[in-house]
Amino acid sequence: MSSVQPFLQVRGIAKRYSNIEALKAIDLDLYTGEVLAIVGDNGAGKSTIIKILSGAITPDSGEIIIAGRKYSKLKPKTALDAGISTVYQDLALIDTMDSASNIFLGREHRKHFFCLDDKRMQQEALDLLQQLGIYIPSLYSTVACLSGGQRQGVAVARAIHQGGRLLIFDEPTAAMGLKETATVLRLIRGLAEEGFGVIVVSHNMEQVFKISDRICIMRQGEVVDCVKTSEVNPQDVVAMITGAIDLEDFSIYRSKN
Amino acid sequence: MAVRIRLQRLFPQLLLTGVLGFLIIVLSLSSEYFLSWDNFRNILDQSSVHILLALGMTFVIASGGIDLSVGNVAAFSGVVMAVAMKADLGVFSAILLGYLAAFSFGLVNGLVVSYVKVNPFITTLASMSIARGLALILTGGVSIYGFSASFKFWGTGSIGPINPPILFSFILVIVGIFLMGYTLWGKYSLALGGNGEALRRAGVNVNLYRTSVYCFSALCAATAGLVMTARLNSAAPLAGATYEMDAIAAVILGGASMKGGRASILGTFIACLTLGVLRNGLTMMTVPTYYQQLFTGMIILVAIVISELRSKEE
């Protein structure tokens, strides 16, 4: 952990959808330079907290503190400006456009006031993709023609280009083959080592243990516990996700070991 | 690689140019009058209103929407200009008022579609009826005619070998190509149709851009209204009815996808010319106008089927 003050502090964030309490006043911290994995069963509230942090939905109450600044809600633009970039599960790519257009979406370079500077964007996109080790067969083809891993790569490149200090990955390897998965995991680990804060939402325990520094377990809209990855094993985490071990039991278990 | 992809993307436009070339050859062979500057100028002149409406429509369809109100908004703006001139306002102020009237329709269309999130088909269907109703109310259902020479100039005057309607449509084609291909506004129009939610999450104010697309379409309709009214020296309240169908047909023929995200100004332009040449040819071969309606309808249907099949392939 590179700094004492967390980059992101979530305090008492709650959200309900008519009768369902999707989030019950949760707290969460994230430091730069670490990978925090958020795990939980379906409906635990993982996606909801991700959407709140990226500004896609607004919470009912609570506050988000990013680099010392307090926000009661975020819009996509304020989240980006505050330094949070998200790689969504659906990737949020525009299929009918090429890679460079997607990477620069919302932050296009311009020249002579009006005109788009396509040459410069294509060159920078190429440089960025190469730097990240993401291979794209042709910059000119639409992203609809790319494979799952290449599309993921474009989405990651965009998130990094947006210049955030905190990158959120929602199920980053869900649609990927083995080789592509390995590349993306290496990329995520590399980003944390470069000083980015990273939040990864995943179902895959093996991956979570491979890349995360801390694991935050959610169940039924609550954060059950946040633990150091090195201090737990996958079985315990699965048990906490399903509710087989609850918090008190786990503390006793931890003090015993 | 880049060249091949470009060519692939240009396929509908190339196909259409082929059809246009074929039509021109066949019509030149079957009539000696076809291949003359007078006839060509005539085709351009008659296509100008369609081109003006279809260009605005191209941006709307690119954004994943549709604007059914353009024909009636054009007629309404013409009526507003006529009423203003009959009330002894100057030609310039009258034209300005006509544009303002059309713009307010575009603004309402855009705001309702973007912020209230009503289906654009329903929204513009309603505003189409409102525009027609207002045009009928303002005129009492009777055409207003007889304007000053300085107004008629915009429909029938000569500028070198061409006339103002042709000039307007050419200027708008060039402006449209520039906007669509080289500006942020054009890119976001396409992005709205490609994946509007992705654009929103990228921090772009999508409602603003979507609203502006409908405003642009309405301004194109006002220009069409000016040309129609000045050319006929009369503002008929029902003048532009069904023109929206021709505009939509041209946009789809020009290679746009009804789902949005893909559209071409040049394609729309070539499609308008093709439809214009076809109409001209059918008239020269003395095919009754009722059959022309039938042909246009069939062409639209075929174009939409091809467009759907293409987007499924992708």
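This is a predicted model: local features need pLDDT of at least 70, side-chain atom pairs count only at pLDDT 80 or more; totals for chains, interfaces and linings use all residues.

Chain A has nine helices and 12 strands. Its C-alpha trace spans about 65 × 40 × 35 Å along the principal axes. How does the radius of gyration of chain A fit a compact globule? For 257 residues, such a globule would come out near 18 Å, and chain A has 19 Å, so the two agree.

Inside chain A, 56% of the 257 residues are buried. If you take contacts between residues at least 6 apart in sequence, 64% of them join residues at least 24 apart. As for charges, chain A carries 28 positive and 30 negative ones, and their mean positions are 5 Å apart.

Now for the backbone. Most residues other than glycine have a negative phi.

| Residue | Phi |
|---|---|
| A:Ala92 | near 50 degrees |
| B:Asn233 | near 55 degrees |

A:Ala92 sits in the loop between strand E6 (84-87) and helix H3 (99-103) of chain A. Is A:Ala92 buried or exposed? Its relative accessibility is 4%, so A:Ala92 counts as buried, the cut-off being under 20%.

B:Asn233 lies in a loop too, between helix H10 (206-232) and strand E2 (234-235) of chain B. With a relative accessible area of 22%, B:Asn233 is partly exposed.

Notes:
Residues are numbered from 1 along each chain as its sequence is written. Chains are lettered from A and ligands numbered from 1 in the order in which they are written. Side-chain values use heavy atoms; hydrogens and water are left out. Helices (H or I, at least four residues) and strands (E, at least two) are DSSP runs, numbered from the N terminus. The radius of gyration is taken over C-alpha atoms; the globule rule is 2.2 Å times the number of residues to the power 0.38. Buried means under 20% relative accessible area, exposed over 50%, partly exposed in between (1.4 Å probe, protein chains only). Contact means heavy atoms within 4.5 Å. Lys and Arg count as positive and Asp and Glu as negative; His and the chain ends are not counted. The place of a charge is taken as NZ of Lys, CZ of Arg, CG of Asp or CD of Glu.
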